[in-house]
Amino acid sequence: MACKKQTVPFSGTKEQEAALKEAISELKDTPGALMPVMQKAQSIYGYLPIEVQTMISDEMGVPLEKVYGVATFYSQFALQPKGKYKISVCLGTACYVKGSGNIFSKLEEVLGITNGECTPDGKFSLDSCRCVGACGLAPVMMINDEVYGRLVPDDIPGILAKYK
């Protein structure tokens with residue numbers, strides 16, 4: 001089943017915009033300021049949508065392509081918002097061999113989103129990761145800081161129900 005790309009509308013506030021512009025004015029003349037400005041922007045907004053990237057580009061006089069290039073190159077930056085409940089599924093070797101791919105697929109099906117996306121209500125986001133250090137519990141997923149191990153796809157609806 002092909003997953004349709006979900007988009008959550010940008011909902012930045014004037015206060016967030018003012019905080020970003022203040023950070024940019026403080027840092028903009030410092031060599032190598034783009035990364036620190038982007039990190040500050042992500043801490044203000046929680047992610048870097050195109051609207052925020054455009055503000056950074058305009059305020060710093062940096063081409064939008066460069067801002068986007070940095071945002072997509074470094075894994076610390078998110079282009080989609082994260083949900084109230086951040087779901088991470090380990091796709092490392094031990095988990096994958098024990099079926100974490102099927103767990104991930106079940107989450108995509110139930111939530112209607114795919115890797116790196118957030119549900120339209122902002123409640124859940126879904127990401128794959130490489131190892132959470134709980135290989136003995138494989139396959140493993142985390143919801144925020146809660147670890148769920150020895151999963152089968154049929155466990156997913158019941159686990160998600162706790163967060164609804």
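Here is a short tour, from paired strands to an annotated site.

Before you click, note that this is a predicted model, where local features need pLDDT of at least 70, side-chain atom pairs count only at pLDDT 80 or more, and totals for chains, interfaces and linings use all residues. Residues are numbered from 1 along each chain as its sequence is written, and side-chain values use heavy atoms, with hydrogens and water left out.

**Stop 1: the strands.** Select residues 85-90, strand E1, then residues 124-129, strand E3: the two run parallel, joined by 6 bridges. (Strands are DSSP runs of E, at least two residues, numbered from the N terminus; two of them pair if DSSP finds at least two bridges between them.) Ser88 sits opposite Asp127 in E3. Look for Val89 opposite Met141 in E4.

Stop 2: Next, pick Cys90, Cys95, Cys131 and Cys135, where an unreviewed UniProt entry places the feature "binding site". They span 46 residues in sequence, yet no two of their C-alpha atoms are more than 9.3 Å apart, so they gather at one spot. UniProt positions follow the numbering used here, feature names are shortened, and annotations may be inferred rather than shown by experiment.

**Stop 3: two of them up close.** Is Cys90 buried or exposed? Cys90, in strand E1, is buried, with a relative accessible area of 3%. Cys135, in the loop between E3 and E4, is partly exposed at 42%. (Buried means under 20% relative accessible area, exposed over 50%, partly exposed in between, with a 1.4 Å probe and protein chains only.)

Methods:
Helices (H or I, at least four residues) and strands (E, at least two) are DSSP runs, numbered from the N terminus.
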